[in-house]
Amino acid sequence: MTGRVGPGTLKLTQAHRFRNRPVRTAGILHWDILALYAGVLDGLRAAGHVDSVGVDGWAVDYGLLDADGQLLGNPVHYRDARTEGVAERVWTALPADRLYAATGIQYAPFNTLYQLTAAHGTAQRAAARRALLVPDLIAYWLTGEQGTEVTNASTTQLLDPRTGGWSHTVAEAAGIDTDLFAPLRRPGDPAGFLLPEVLDTTGLTGPVPLTTVASHDTASAVAAVPATGGDRFAYICTGTWSLAGLELDAPVLTEASRRANFTNELGIDGTVRYLRNIMGLWLLQECLREWGDPPLAPLLDAAAQIPGPASVVDASDPAFLAPGRMPGRLAQACRASGQPVPSTPAQTTRCVLDSLALAHRRAVEDARRLADRPVDVIHVVGGGARNALLCQLTADACGLPVMAGPAEAAALGNVLVQARAHGLVGDLSAMRRLVAGTHPLTRYEPTGDRAAPAAWAAAAERIACP
Ligand code: LFR
């Protein structure tokens with residue numbers, strides 16, 4: 001994406017789009033990182049002229065480099081099964097409650113901490129001198145400079161959210177030397193210049209600086225949430241995942257918060273992203289893949305005609321993490337909880353969207369209770385902001401208005417942090433006002449006969465997660 005920023009101006013243009021296709025080899029699911037990097041180079045070529053570049057991407061995954069700075073293998077996908085049962089091993093050295101008190105990070109089988117533990121004893125891990133998180137790896141190839149961006153580093157479960165530095169307690173207990181990571185850097189920090197080889201390949205004219213952004217895509221998206229009326233808002237970043245929660249000044253590290261599996265990831269300017277991971281539109285994407293990728297719009301229209309909330313599943317359950325056979329797995333979960341089994345694609349789609357709306361409701365309610373913060377409005381950003389049925393169901397389930405948009409929040413947050421570092425925009429609230437003033441938002445009210453929170457409470461009881 002290219003972005004243009006000025007007073008009253010914030011405009012994104014898609015320069016290039018490429019597929020991200022994971023590949024399974026020798027029993028392990030990998031990212032095709034060189035194909036992704038080639039896509040980045042194609043994008044830079046298509047962009048033409050740029051004043052600055054920023055890289056963001058998904059969290060937790062990393063590439064290992066040898067002593068010469070060469071990549072030791074394709075990064076493993078966080079949906080790979082190699083981390084099954086690994087967390088329990090880590091907890092024998094450092095119990096889960098102490099781990100949470102030290103890092104504030106939710107349990108997810110794929111946290112970097114567990115991935116590095118799973119890799120202990122492998123030849124690759126033994127040869128590794130450096131681990132670079134995926135956006136940092138792309139930044140390294142573009143510039144030759146290594147760093148560890150702090151919002152993404154917070155998802156490793158090796159960082160202390162109070163200090164923003166590494167947690168030596170956790171690292172020592174897990175037998176991980178934090179020198180494996182490059183020095184920490186913060187959104188806004190300069191991160192070098194595009195290498196001559198990159199300028200050659202892309203046809204760009206140097207010098208082109210790389211600017212550190214909130215390199216965790218969710219942190220970039222939260223930075224671009226168009227909230228302009230104070231702090232009584234929740235956000236839901238919807239895409240492959242739904243990340244639902246609050247922006248706070250300080251982490252919530254209580255036992256109740258741990259039990260509710262809330263995470264305290266770092267945001268820009270010392271903020272804390274207090275949120276829960278919900279499986280998100282991945283559930284639908286995987287169904288569509290199984291059905292041979294039919295067009296989405298007629299399916300959503302048909303799903304909207306079905307009375308709801310229909311049968312629901314627990315959309316926070318890691319049981320849905322792995323790819324494959326998703327319609328069958330959803331049907332099985334409905335059967336196991338004694339609910340009608342969705343059998344048509346429209347019914348399955350409705351099951352997914354009702355389940356997501358219900359999970360959004362639980363996350364927003366739990367967050368405001370655990371952080372003791374009132375919420376008047378929910379901002380839905382990311383790809384799901386385009387899904388009117390999902391937004392309406394979320395408003396209905398939560399009993400709160402939903403402000404939907406922008407869909408490209410992560411790219412906007414990325415561009416805004418670069419613009420700020422180059423003096424083109426003010427603080428976080430100025431950034432948010434600029435998004436709100438330049439991007440149309442759609443408001444969904446929990447109205448009409450759809451506003452029936454009791455029906456959602458009953459749906460929650462059916463899957464025993466109140
Ligand atoms: C969203 C996201 C989530 C993270 C998941 C795995 O793209 O970055 O925030 O939990 O992907 O990295």
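The structure is a predicted model, in which local features need pLDDT of at least 70, side-chain atom pairs count only at pLDDT 80 or more, and totals for chains, interfaces and linings use all residues. Residues are numbered from 1 along each chain as its sequence is written.

**The chain as a whole**

The chain contains 19 helices and 19 strands, where helices (H or I, at least four residues) and strands (E, at least two) are DSSP runs numbered from the N terminus. Its radius of gyration, taken over C-alpha atoms, is 22 Å, close to the 23 Å that the globule rule gives for 466 residues, so the chain is as compact as a globular protein of that length. The globule rule is 2.2 Å times the number of residues to the power 0.38. Taken along the principal axes, the C-alpha atoms fill a box of roughly 60 × 55 × 45 Å.

The domain assignment, which is automatic or comes from a database, gives domain 1 (2-215) and domain 2 (223-466). The C-alpha centres of these domains lie 24 Å apart, and their contact takes 33 residues from domain 1 and 38 residues from domain 2; two residues are in contact if their C-beta atoms, placed from the backbone, lie within 7 Å. On the side of domain 1 that touches domain 2, the elements giving two or more residues are strand 1 (2-6), strand 2 (9-13), helix 3 (96-103) and helix 7 (150-153). The residues of that side divide into 15 nonpolar, 14 polar and 4 charged, with Ala, Val, Leu, Ile, Met, Phe, Trp, Tyr, Cys and Pro counted as nonpolar, Asp, Glu, Lys and Arg as charged, and the others, Gly among them, as polar.

Both domain 1 and domain 2 give residues to the shell around the ligand, so the ligand lies between them. Among the residues around the ligand are Trp 58, Tyr 78, His 216, Asp 217, Trp 241 and Asn 277, where a residue is near a molecule if its C-beta atom, placed from the backbone, lies within 6 Å of it. By class, this shell has 6 nonpolar, 4 polar and 1 charged residues.

**Two pairs of packed helices**

Two packed helices are described by the angle between their axes and the distance between the axes. Here the axes are lines fitted to C-alpha atoms over the stretch in contact, and angles run from 0 to 180 degrees between N-to-C directions.

| Helix pair | Angle | Axis distance |
|---|---|---|
| Helix 12 (282-290) and helix 14 (326-336) | about 125° | 8 Å |
| Helix 13 (296-305) and helix 15 (345-370) | about 75° | 8 Å |

Helix 12 and helix 14 are therefore oblique to each other, whereas helix 13 is roughly perpendicular to helix 15; angles under 35 degrees count as roughly parallel, over 145 as roughly antiparallel, 65 to 115 as roughly perpendicular and the rest as oblique. Leu 283, Glu 286, Cys 287 and Glu 290 of helix 12 make the contact with Met 326, Pro 327 and Leu 330 of helix 14, and these residues divide into 5 nonpolar, no polar and 2 charged. In the other pair, residues of helix 13 including Leu 299 and Ala 303 meet residues of helix 15 including Thr 349 and Arg 350, and that contact has 7 nonpolar, 1 polar and 1 charged residues.

**Details in the loops**

The peptide bond from Gly 206 to Pro 207 is cis, with omega near -5°, and Pro 207 sits in the loop between helix 9 (196-202) and strand 12 (209-211). The bond from Gly 308 to Pro 309 is also cis, with omega near -5°, and Pro 309 belongs to the loop between helix 13 and helix 14. Gln 157, in the loop between helix 7 and strand 8 (159-160), has a positive phi of about 70° although it is not a glycine.
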